[in-house]
Amino acid sequence: VLAETKKAAKSVMQAFYVMDDDGTNILLQEFIKESAGEDLRVFIVGGKVVASMKRKGLDGDFRSNIHQGGEGSIVKLTDEEKRVAQKAAKSMGLAIAGVDLMRSDHGPLVLEVNSSPGFAIEKVTGRNVGAKIVEYVEQNAKKTSRRDRIGA
């Protein structure tokens, strides 16, 4: 829910609290006006950026998820955006992750780190992310199997 004023936010929160019988948690997030309903999805595999896309919500919707009707396009990330996405995945202990960023006047901001990101990014970018994941798993399975044989 987008609340455009403090008064509207207070009303929305009060409505949620009235409906709250089961201890549902509420997450509040600052609205970043300059992002203009766009965000970036950065796909990380083994600590490396393997694909990225810009997502934009349709008809002025502030949510840009592809499965909610958003549109994706190819985007070139800045070095800072790459570093932030890689650090976010690493901080969550994820070798494979979809990191959602927003461009702001204060630099890239992390929205979310997904441990099971969707593959819409493949269609948008033409990158075979699935193959990158398989390569990563195969390389790391071989390392594990060698350590097991030598008793490490």
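This is a predicted model: local features need pLDDT of at least 70, side-chain atom pairs count only at pLDDT 80 or more; totals for chains, interfaces and linings use all residues.

Visitor: Why is the contact of lysine 54 with glutamate 38 called a salt bridge?

Guide: A salt bridge needs a side-chain nitrogen of Lys or Arg within 4 Å of a carboxyl oxygen of Asp or Glu. Here the closest N and O atoms are 3.7 Å apart, so the pair qualifies. Lysine 54 sits in strand E2 (residues 48-56) and glutamate 38 in strand E1 (residues 38-45), 16 residues apart. Strands are DSSP runs of at least two residues, numbered from the N terminus; helices (H or I) need at least four. The whole structure has 5 salt bridges.

Visitor: What makes lysine 54 partly exposed?

Guide: Its relative accessibility is 23%. Buried means under 20% relative accessible area, exposed means over 50%, and partly exposed lies in between (1.4 Å probe, protein chains only). So lysine 54 counts as partly exposed. Glutamate 38, at 26%, is partly exposed too.

Visitor: Which residues does arginine 55 bridge to?

Guide: One is aspartate 39, with the closest N and O atoms 2.8 Å apart. That pair joins strand E2 to strand E1, across 16 residues. Another is aspartate 100, at 3.1 Å. Aspartate 100 lies in strand E4 (residues 96-104), 45 residues from arginine 55. Arginine 55 and aspartate 39 are buried, and so is aspartate 100. Asp39, Arg41, Arg55 and Asp100 are linked in a network of salt bridges.

Visitor: Why is the pair of phenylalanine 43 and phenylalanine 119 called tilted?

Guide: The structure holds 1 aromatic pair. The ring centres of phenylalanine 43 and phenylalanine 119 are 5.7 Å apart, with planes at 40°. Rings of Phe, Tyr and Trp (its six-membered ring) pair if their centres lie within 6.5 Å; planes under 30 degrees apart are stacked, over 60 edge-to-face, and the rest tilted. So this pair is tilted.

Visitor: How do you know that the pair ties together separate parts of the sequence?

Guide: Phenylalanine 43 lies in strand E1, while phenylalanine 119 is in the loop between strand E5 (107-114) and helix H3 (120-125). They are 76 residues apart in sequence.

Conventions:
Residues are numbered from 1 along each chain as its sequence is written. Side-chain values use heavy atoms; hydrogens and water are left out.
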